[in-house]
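Let's take a friendly walk through a protein model together. Have the sequence and the 3D view ready, and follow along one region at a time.

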Amino acid sequence: MIIFFVVTQVMLLWFAAFWFIGSWMIPFAAHMAGFSKESLTFKGQALFSLVTDVTEGLAGIAILHRCLSHFHPLPSDWFKFSLRGKWLFDVALGCLMFPFVNQLSQFNLTLLPLMPSTPVTLSSVEQSILARDPVAMALYAIVVSICAPVWEEIVFRGFLLPSLTRYMPVWSAILVSSVAFALAHFNVQRMLPLIFLGMVMGVVFARSRNLLPSMLLHSLWNGFVFLDLMR
């Protein structure tokens, strides 16, 4: 029961911190400094996104550290990073799933299309790509291919998935943690592909009990999407 309470506490605090930092704290700090993200150059917007992502990630790690302090020392296979093991094959198989994830994205949009009244706008990432700003593109590449995979894998595969295995079979824990992973992106038009992607990364993690393979697969997927935008 105590562990269930800690799992719930960590996830609620993480979601709240993610929302608060990205939607309020960083924008308010920028406002106090006399600027907004929209007023910045492409390079400035990319740096703004990087600072936001790093702040959210560090807040998530701080929450984990604080909430798990009563359970130290943690089991040796928790938050494990290792180059050892035969996990490259699993990562390669995961990469073969990328076209199917794309197909799920299209299917999801068919099920839940954007409302006709929804304005179609380009994200700051897409604008930077269209402008071919190399510095901005490099900063965004760091955000999507390094920062986001590290923070998200620590929370969802490193903490949530193994915690859930105390209450349910591994396959159920993979599914539940994948749904939580998809919900964390706050985008119903991407729910199905994100759930499936989370399940693939969950299987890769469960087979190795090593965060490095799932982080690498996550990074490759985000890089795949980023490169696709550049075409």
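Helices (H or I, at least four residues) and strands (E, at least two) are DSSP runs, numbered from the N terminus. This is a predicted model, where local features need pLDDT of at least 70, side-chain atom pairs count only at pLDDT 80 or more, and totals for chains, interfaces and linings use all residues. Residues are numbered from 1 along each chain as its sequence is written, and side-chain values use heavy atoms, with hydrogens and water left out.

## Annotated regions

UniProt positions are given in the numbering used here, feature names are shortened, and annotations may be inferred rather than shown by experiment. An unreviewed UniProt entry gives the annotation "transmembrane region" to residues 12-34, 135-155 and 167-185. In the model, residues 12-34 are 91% helix and 0% strand, and their end C-alpha atoms lie 32 Å apart. Residues 135-155 are 100% helix and 0% strand, with 29 Å between the end C-alpha atoms.

The unreviewed UniProt entry also has the annotation "domain: CAAX prenyl protease 2/Lysostaphin resistance protein A-like" for residues 137-223. That stretch is 84% helix and 0% strand, and its end C-alpha atoms are 12 Å apart.

## Inside and outside

Now to burial: buried means under 20% relative accessible area, exposed over 50%, and partly exposed in between (1.4 Å probe, protein chains only).

| Residue | Relative accessible area | Class |
|---|---|---|
| Gln45 | 9% | buried |
| Cys67 | 8% | buried |
| Cys147 | 8% | buried |
| Phe186 | 53% | exposed |
| Arg231 | 79% | exposed |

Gln45 is found in helix H2. Which residues surround Gln45, leaving out those up to four places away in sequence? With contact meaning heavy atoms within 4.5 Å, Gln45 touches Lys37, Glu38, Leu40, Ser124 and Tyr140.

Asp90, Val91 and Gly94 are buried in H3. They cover an arc of only 100 degrees around the axis, which puts them on the same side of H3; the arc is that of the directions from the helix axis to the C-beta atoms. Leu88 and Phe89 are exposed, on the face of H3 turned away from its buried side. The cover over the buried residues of H3 includes helix H4 (98-111), H8 and helix H9 (211-230).

## Cysteines

A disulfide is a pair of cysteine sulfur atoms within 2.5 Å. How many disulfides does the structure hold? It holds zero. Cys147 is in no disulfide, and the nearest cysteine sulfur, that of Cys95, is 20 Å away.

## Aromatic rings

Rings of Phe, Tyr and Trp (its six-membered ring) pair if their centres lie within 6.5 Å; planes under 30 degrees apart count as stacked, over 60 as edge-to-face and the rest as tilted. The whole structure has 14 aromatic pairs. One of them joins Trp14 and Phe15, whose ring centres are 5.4 Å apart and whose planes are at 90 degrees, so this pair is edge-to-face. Trp14 is buried at 8% relative accessible area, whereas Phe15 is partly exposed at 21%.

Phe98 and Phe224 form a tilted pair, 5.6 Å centre to centre and with 40 degrees between the planes. Since Phe98 lies in helix H4 and Phe224 in helix H9, the pair ties together parts that are 126 residues apart in sequence. Phe98 is buried at 5%, and Phe224 is partly exposed at 33%.

Trp14, Phe15, Phe18, Phe156, Phe181 and Phe186 form one aromatic cluster.

## Loops and the chain end

Phe186 is found in the loop between helix H7 (170-183) and helix H8 (191-208). Its phi is near 50 degrees, a positive value in a residue other than glycine. Phe79 has a positive phi near 50 degrees too, and its place is in the loop between helix H2 (42-67) and helix H3 (88-95).

Finally, look for Arg231 in the segment after H9. Arg231 and Ile129 are 102 residues apart in sequence but 9.2 Å apart in space, C-alpha to C-alpha.
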